[in-house]
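Open the model in your viewer and keep the selection tool at hand. We will go stop by stop.

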Amino acid sequence: MTYAPPWRDTSQYIRLRLEEALREAELALKFLEQGLHRNAAGKAFQAWKALLAAAAARHKEAVARRYAGAVRDKTGRLRSRADMVTALMPTTRMREVASALEEAYGKELIHLTDIALNLHEFRYNGLDPEGVVSRYTNLEDVERDVKYLAEKTMEWARKESYQTT
């Protein structure tokens with residue numbers, strides 16, 4: 001896979017991010033089978049993040065309404081703020097991007113993004129019986145969410161891929 005930023009070639013960017021989403025989701029399920037819960041959670045999160053970035057690139061105008069203006073990239077070039085958010089898809093902006101795309105994809109996109117963010121939190125904090133540093137207090141919930149998010153990511157990535165070709 002060769003990276004192509006969304007401002008250079010939007011259709012290639014979408015295709016690459018959808019392929020990334022599929023591969024990361026597959027890895028999440030493999031890690032889960034091996035009992036590597038935190039790794040599986042991280043891969044499920046990465047898969048959803050890639051899918052969300054592809055969806056943002058496809059619906060640029062919705063993201064641009066939320067993130068107006070321009071910013072400088074690391075080379076000093078002026079770029080659309082929406083393009084930078086789409087290209088980087090910062091964890092801190094994923095929920096906002098999902099909300100901006102609600103009209104195109106419905107509330108399920110927000111729900112799945114919330115699950116991805118929960119798994120991301122678990123990836124770094126692990127289980128917490130008290131529910132203070134992680135929303136997960138048992139591995140059964142983690143397994144269920146990893147499996148659900150990975151399967152949904154693959155389903156959505158395949159559906160989005162049909163629109164790209």
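The tour below says what to select and what is there.

This is a predicted model: local features need pLDDT of at least 70, side-chain atom pairs count only at pLDDT 80 or more, and totals for chains, interfaces and linings use all residues. Residues are numbered from 1 along each chain as its sequence is written, and side-chain values use heavy atoms, with hydrogens and water left out.

**Stop 1: Arg 17**

Select residues 10-33, which form helix H1. Helices (H or I, at least four residues) and strands (E, at least two) are DSSP runs, numbered from the N terminus. Now pick Arg 17, which sits in H1. Is Arg 17 buried or exposed? Arg 17 counts as buried because its relative accessibility is 10%. Buried means under 20% relative accessible area, exposed over 50%, partly exposed in between (1.4 Å probe, protein chains only).

Contact means heavy atoms within 4.5 Å.

**Stop 2: Arg 23**

Stay in helix H1 and select Arg 23. Arg 23 counts as partly exposed because its relative accessibility is 39%. Arg 23 and Ala 47 lie 24 residues apart in sequence, yet 7.5 Å apart in space, C-alpha to C-alpha.

**Stop 3: H1 against H2**

Show H1 together with helix H2 (residues 37-58). Their axes are 8 Å apart, and the packing angle is about 160°. That makes H1 roughly antiparallel to H2. Axes are lines fitted to C-alpha atoms, for helices over the stretch in contact, and angles run from 0 to 180 degrees between N-to-C directions. Angles over 145 degrees count as roughly antiparallel, under 35 as roughly parallel, 65 to 115 as roughly perpendicular and the rest as oblique.

The residues of the contact of H1 with H2 divide into 17 nonpolar, four polar and six charged. Ala, Val, Leu, Ile, Met, Phe, Trp, Tyr, Cys and Pro count as nonpolar, Asp, Glu, Lys and Arg as charged, and the others, Gly among them, as polar.

**Stop 4: helix H4**

Select residues 81-88, helix H4. How many of its eight residues are buried? Six are, so H4 is mostly covered. The buried ones are Ala 82, Asp 83, Met 84, Val 85, Thr 86 and Ala 87. They pack against several elements, including H1, H2 and helix H5 (94-100).

Check both ends. Ser 80 caps the N-terminal end of H4, with a side-chain oxygen 3.2 Å from the backbone nitrogen of Ala 82. Just after H4, Met 89 has a positive phi of about 40°.

**Stop 5: helix H7**

Show H2 with helix H7. The axes of H2 and H7 come within 8 Å and cross at roughly 145°. The residues of the contact of H2 with H7 divide into twelve nonpolar, six polar and two charged.

Last, pick Asn 118 in H7 (residues 107-125). Asn 118 counts as buried because its relative accessibility is 19%. Its side chain makes a polar contact of 3.2 Å with the side chain of Arg 135.

Key. A polar contact is a pair of N or O atoms within 3.5 Å; within protein, one must be able to donate a hydrogen and the other to accept it, and residues adjacent in sequence count only if both atoms are side-chain atoms.
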